[in-house]
Amino acid sequence: MFFTVPTILTWTRIVAIPLIVGVFYVGLEPRVQNLVATIMFIVFALTDWLDGFLARRLNQTSAFGAFLDPVADKFLVCASLLVLVHLKRADVFVALIIIGREIAISALREWMAQIGAAKSVAVHMLGKVKTTVQMIAIPFLLFDGLLFRAIDTGLWGTWLIWISAILTVWSMVYYLQKALPEIRQRVK
């Protein structure tokens, strides 16, 4: 199940990272850079939905795909956040919150899986909402202009990325609370 259609789509999100970053280093006009990076991010982010849909539809779900999918999402989001911090479109504090949470919860999930308690930190709707808000905020911040001559994507993206940072902390607290009984039991 290493090279199924869903897994290949997941791999494209990882391959997308240097492409999105590279757009800002090839000497294009800034508006063109922003547009190309935004379109690329949206297209690659949509593969997250598509690979899951195809895996279920084609009966090609696998443990490897279940592992790789969230890793690809986290790489794409973290790399995009670093680009946005570099471009001064996102606050470094927001990036630290989001990236720090991803590292902490990934480590927590790995540990909980090792002790046989993975279900206590299974993906929750709060985490999905957080991810959705991030996936809207990031292209808004990458675009950084007026959309349809009316929507200030920089302003909306800034608000949304801060909302996602709040949701990030909230979801981290939620997962930690769910894991706390197991943690207490093992620390004794």
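## Exercises on a predicted model

Arg13 and Asp48 form a salt bridge, with 3.6 Å between the closest N and O atoms. The model is predicted.

**Exercise 1.** Work out why the pair Arg13 and Asp48 ties together parts that are apart in sequence.

*Solution.* 
- Start with the cut-off: a side-chain nitrogen of Lys or Arg must lie within 4 Å of a carboxyl oxygen of Asp or Glu.
- The Arg13–Asp48 pair has its closest N and O atoms 3.6 Å apart.
- Now place the partners. Arg13 sits in helix α1 (residues 5–23) and Asp48 in helix α2 (residues 30–57), so the bridge links parts 35 residues apart in sequence.
- Finish with the total: the structure has seven salt bridges.

**Exercise 2.** Describe how α3 passes α5, and state which residues meet.

*Solution.* 
- Take the axes. Those of helix α3 (residues 63–86) and helix α5 (residues 125–143) come within 11 Å and cross at roughly 35°.
- Assign the hand: the crossing is left-handed.
- List the contacts. From α3 come Val77, Ser80 and Leu84; from α5 come Gln134, Met135, Ile138, Leu141 and Leu142.
- Sort this contact by class: six residues are nonpolar, two are polar and none is charged.

**Exercise 3.** Find the nonpolar patch on the surface and say which helix gives the largest share.

*Solution.* 
- Name the members: Phe148, Ile151, Leu155, Trp156, Trp159 and Ile163.
- Assign the source. Helix α6 (residues 153–187) supplies the largest share, four residues.
- Check one member: Ile163 is in helix α6.

Key
Residues numbered from 1 in each chain as written. Predicted model: local features only at pLDDT ≥ 70, side-chain atom pairs only at ≥ 80, totals over all residues. Heavy atoms only, no water. Axes fitted to C-alpha atoms, helices over the stretch in contact; angles between N-to-C directions. Helix = DSSP H or I, 4+ residues; strand = E, 2+ residues; numbered from the N terminus. Left-handed = near helix turned anticlockwise from the far one by under 90°. Contact = heavy atoms within 4.5 Å. Nonpolar A, V, L, I, M, F, W, Y, C, P; charged D, E, K, R; others polar. Patch = residues over 30% accessible without salt bridge, like charges linked within 9 Å, V, L, I, M, F, W, Y side chains within 5 Å. Areas by Shrake-Rupley, 256 points an atom, 1.4 Å probe, with all protein chains shown as cover.
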